[in-house]
Amino acid sequence: MSFETLRLDGVSRSFGGHEALAGLDLTIKRGEFIALLGPSGCGKSTALNCLAGLLPLTRGSIWQDEARLDVLPPERRGFGMVFQNYALFPHLPVRKNIAFGLQMRRVPRAEIRRRVDEALRLVHLEEHAGKLPGQLSGGQQQRVAIARAVVLEPALVLMDEPLSNLDAKLRLEMRTEIRRLHQSLGLTTVYVTHDQEEALSLADRLVVLRAGRVQQVGTPEQLHTEPANWHVADFMGYRNLLPLRAGPRDGTGIVVEFEGHRLTGTPVGDAAPGGEVVAGIRPEDLRIGPAGGPGVPATVEVVEYQGREVAVEARTEGGVALNLRTADRPAVGDRITVTVEPRRLLVFPSGGAQ
Amino acid sequence: MAARRAIVATPAAWLVWGVVVAFFVFLAGVIGSVVVSSFGTRWFDTWLPLGWTPDWYAQAWDEFTLLPVLIVTLEVSALVVGISVLIGVPAAYVLARRGFPGRRLLYLLFLLPILMPPITYGIPLATVLYKYGFAGNLSGVVLANLVPSVPFVILTMTPFIEQIDPAVERAARMCGAGTRQVFVRILAPLLVPGILAASILVLVRTVGMFELTFLTAGPDSQTLVVALYYSMSAAGIRAQQSIDAMAVIYTSMMLVLLVLALRFVNPTQLVARVRDDGD
Amino acid sequence: MSAIVGARPALRHRLAERGVDRQLLLLLPAALFVVTLFIYPFLYGVGLSFQPTKGGTLGAYREFFTDAYLRDTILTTLRLSLPAALLNVLASVPIAYRMRGRFRGKRLLTTLLVVPITLGTVLTAQGLLNFLGPTGWFNRSLLSAGLVDAPVRLTNNYWGVFFSLVITGFPFAFLLVLSYLSGIDPSLERAAATLGAGRWQRFRRITLPLLAPGLATTFCLTFVLAFSVFPSAVLVGDPAGTTRVMSIAAYDAAYVRYDYPLASAVAVLMGLVELLVIAAVLGWRALLYTGSTAGGKG
């Protein structure tokens with residue numbers, strides 16, 4: 001039941017007057033790993049549940065090649081889903097949990113055994129096949145949930161924040177596992193998360209959502225270096241967001257004034273001279289210079305050791321807190337000046353969201 | 001994340017709802033016929049009584065000496081609630097918080113009177129109470145009703161106490177509070193909702209509890225439900241409709257208590273010993 | 001605290017380590033209470049049952065089993081309580097299944113269902129006498145609908161008591177089953193749906209196995225309530241005949257014949273029969289999965 005393209009057409013879902021998802025347009029190609037990314041309440045889980053058929057659409061349609069999908073109930077869509085709380089059947093041992101979908105499809109018993117064994121090997125759980133879910137650790141339960149979804153070789157795998165309940169170390173390990181699985185099985189995957197690092201490392205393409213609307217669709221590279229608006233930038237780790245007024249253009253750049261200093265930045269979207277804008281800068285793109293040098297003066301307030309680099313919070317003379325990341329070792333109380341390359345100072349229109 | 005479902009109209013759904021509606025219609029008929037009868041003049045072979053009158057109530061009030069009976073009912077329930085809370089709450093606290101040898105056995109012991117039907121332990125209990133002279137008057141009735149009530153308070157309070165984080169008590173001690181202060185200023189206020197819930201539940205159960213009072217009451221220590229039973233089983237002598245009037249008075253009393261109880265607990269707690277999980 | 005290293009700590013501390021200290025005194029009133037007013041009368045009653053005026057130690061029991069009037073009460077009570085309990089529990093399942101989850105009016109529904117339980121068996125009996133009587137509304141409706149030619153006898157017999165057991169027992173069973181059902185993680189059914197399970201399969205393979213232990217418990221509780229039926233059997237049944245249940249026999253023995261040993265024997269036998277049924281059901285329950293009904297550590 002595989003497809004070439006899966007198309008979401010204006011998919012919307014409202015709950016009692018509140019629009020949780022408003023007009024999602026997306027085309028997914030076979031084998032892609034798509035991440036739906038955004039803060040809580042942005043509609044990403046809603047979108048996933050609509051895809052699964054667990055929520056009916058308020059508006060719009062979903063198409064699998066030329067066939068209409070949103071009229072089918074979840075049991076007839078043939079998608080695999082990994083739930084946030086795993087939803088393992090507590091009364092069935094691991095083996096039977098994984099076999100469940102195959103039994104629903106009336107696959108012959110010998111074949112079920114073969115495929116379940118294969119799935120167990122894939123997630124390294126062969127010795128735990130006879131145990132009940134309650135006897136497994138969180139990470140093991142998660143792997144069972146994944147095995148249960150992929151053993152069906154479904155046309156689409158849906159994952160709803162599967163790593164959010166694991167501790168940090170396990171999360172990193174499982175992230176690599178998921179990537180490896182995708183590379184070896186090649187199953188089309190839609191993955192929901194609020195962790196941008198996770199999304200960037202796993203996805204072929206990302207969809208950033210906010211308040212039910214799509215902010216940007218692109219590759220990790222595109223989102224990381226060319227966020228479409230300041231909300232996306234905020235999510236992508238542009239920790240310094242400064243509300244300013246735009247000055248005149250300067251070649252391809254645009255000038256903004258910050259505490260009496262003229263900085264040149266790169267305009268994004270319809271950031272225009274005279275308009276209200278938000279300037280976004282990554283912590284690692286701010287350079288530290290000695291006191292008295294060119295740039296914005298500031299005083300170091302907090303220094304956090306992070307291994308090779310340190311995270312620094314410095315306060316400007318106007319009282320604005322700037323976040324920096326540097327391999328230098330400034331001390332608390334040092335007077336510094338901060339500069340940034342025009343290419344790495346992104347100027348967004350203040351309105352922001354579509 | 002399913003939203004509130006609309007009621008789906010499949011044949012199975014209709015059947016289920018049909019059964020539920022039929023049950024309530026039946027129930028309404030059962031209760032309604034008593035109410036209608038109590039307000040009717042003569043009612044023999046017609047759908048509704050021939051006329052309407054409130055006189056049966058006055059008659060019932062005098063005939064069954066309802067005022068003393070109501071007072072007895074109130075006295076019994078107040079005493080039972082008060083004593084069972086006084087005995088039960090400290091016991092619940094210790095059971096919930098501490099582990100000690102024999103804890104499980106004791107817990108099971110407290111569970112028994114609730115699981116056993118009142119008749120089974122009521123007859124031996126009444127026999128003992130008669131032997132020592134307690135039965136036949138108010139003290140016997142109160143003692144008998146305490147038997148299921150104390151365990152009930154313990155069972156109801158235990159989840160409430162478990163809900164209170166023991167770390168809160170420890171934090172109070174770290175701030176310098178002694179045992180009495182911890183209890184008065186920290187524990188008691190947190191326990192008040194639980195105690196209220198337990199009290200209401202015991203109240204409702206005691207007023208409606210038939211068997212135990214029946215077995216231990218004397219002629220002037222009957223609660224309303226027992227008086228109702230007696231009048232019903234001697235039905236030949238009394239007019240059916242004044243009995244109905246009495247039954248309606250009993251029903252109204254219970255419904256008032258029920259409404260009162262529902263302000264503090266959710267309906268399921270009246271039935272099952274579950275904590276309020278919120279809907 | 002011991003000043004000498006290596007000496008045993010005081011007895012008080014050793015006890016405290018195992019949880020025994022002054023706070024346990026709080027338990028004392030309740031424990032004493034249960035012992036004097038429950039355990040003692042119970043044991044006294046059991047003892048009494050072995051001290052009849054004639055017939056030796058087992059005289060009362062022998063009398064019970066040789067007198068058909070007494071012996072038949074066991075079967076009579078079971079004939080009433082088992083079907084009633086089964087009906088109450090089994091009928092609750094499809095209805096509770098449809099009503100799980102939130103919907104408008106759920107609170108109203110549960111409140112209404114609590115009413116018959118609160119009103120109790122005596123009032124239900126009075127209402128049934130009116131409602132199911134030969135000139136009552138129920139028979140009237142049947143007659144006018146043409147379903148029967150003459151009024152159906154539904155009071156002062158088995159059916160009156162049966163209806164009474166259902167009216168007071170069904171809401172109880174329903175609310176319990178509903179709460180067990182609500183305790184099953186809803187994401188489990190959703191997961192089963194994504195794996196291809198239709199409605200009936202989801203119920204049969206996921207919900208029912210997880211509900212079964214709760215059903216067993218509900219049955220036991222409902223059965224106990226039905227087995228100890230007393231006022232309904234007298235008021236709306238046939239206490240001298242077809243609905244002479246064990247509690248009536250016990251009451252008669254104690255307060256009509258003043259034969260306390262016999263009454264205690266009947267009470268003991270009541271307890272035993274109940275215990276047998278409950279043990280059988282709980283034994284079956286032990287074979288089922290009775291762990292958590294959540295879907296995972298998430």
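This is a predicted model: local features need pLDDT of at least 70, side-chain atom pairs count only at pLDDT 80 or more; totals for chains, interfaces and linings use all residues.
This is a short walk through the three chains of the complex, ending with the place where two of them meet.

Residues are numbered from 1 along each chain as its sequence is written, and chains are lettered from A and ligands numbered from 1 in the order in which they are written.

Let me begin with confidence. The predictor gives the complex an ipTM of 0.80 and a pTM of 0.82. Within chain C, helix H1 (residues 11-17) has the lowest confidence, with a mean of 71, whereas helix H8 (residues 186-194) has the highest, at 93.

Turning to chain A, its secondary structure comes to eight helices and 20 strands, where helices (H or I, at least four residues) and strands (E, at least two) are DSSP runs numbered from the N terminus. Its C-alpha atoms fill a box of roughly 80 × 45 × 35 Å along the principal axes. Of the 354 residues in chain A, 43% are buried, and a residue is buried if 20 or more other C-beta atoms lie within 10 Å of its own, exposed if 12 or fewer, and partly exposed in between, with C-beta atoms placed from the backbone.

Chain B, by contrast, has 12 helices and zero strands, and its C-alpha trace spans about 75 × 60 × 30 Å along the principal axes. Among its 279 residues, 43% count as buried. Chain B is divided into domain 1 (11-53) and domain 2 (57-271), with bounds that come from an automatic or database domain assignment. The C-alpha centres of these two domains of chain B lie 31 Å apart, and their contact takes six residues from domain 1 and six residues from domain 2; two residues are in contact if their C-beta atoms, placed from the backbone, lie within 7 Å.

One residue of chain B that I would like to point out is Trp47(B), found in the loop between helix H1 (11-39) and helix H2 (55-63) of chain B. Is Trp47(B) buried or exposed? Trp47(B) counts as exposed, because it has 11 C-beta neighbours inside 10 Å.

Now to the meeting of chains B and C, where 73 residues of chain C are in contact with 73 residues of chain B. Helix H5 (residues 106-131) of chain C gives the most to the side of chain C that touches chain B, with 21 residues. By class, that side of chain C has 47 nonpolar, 20 polar and six charged residues, with Ala, Val, Leu, Ile, Met, Phe, Trp, Tyr, Cys and Pro counted as nonpolar, Asp, Glu, Lys and Arg as charged, and the others, Gly among them, as polar.

How do helix H3 (residues 66-97) of chain B and helix H2 (residues 28-49) of chain C cross? Their axes come within 7 Å and cross at roughly 115 degrees, the axes being lines fitted to C-alpha atoms, for helices over the stretch in contact, and angles running from 0 to 180 degrees between N-to-C directions. H3(B) and H2(C) are therefore roughly perpendicular to each other, since angles under 35 degrees count as roughly parallel, over 145 as roughly antiparallel, 65 to 115 as roughly perpendicular and the rest as oblique. In this contact, Ile87(B), Gly88(B) and Ala91(B) in H3(B) meet Pro29(C), Ala30(C) and Phe33(C) in H2(C).

Definitions and conventions. pLDDT is the predictor's confidence in each residue, from 0 to 100.
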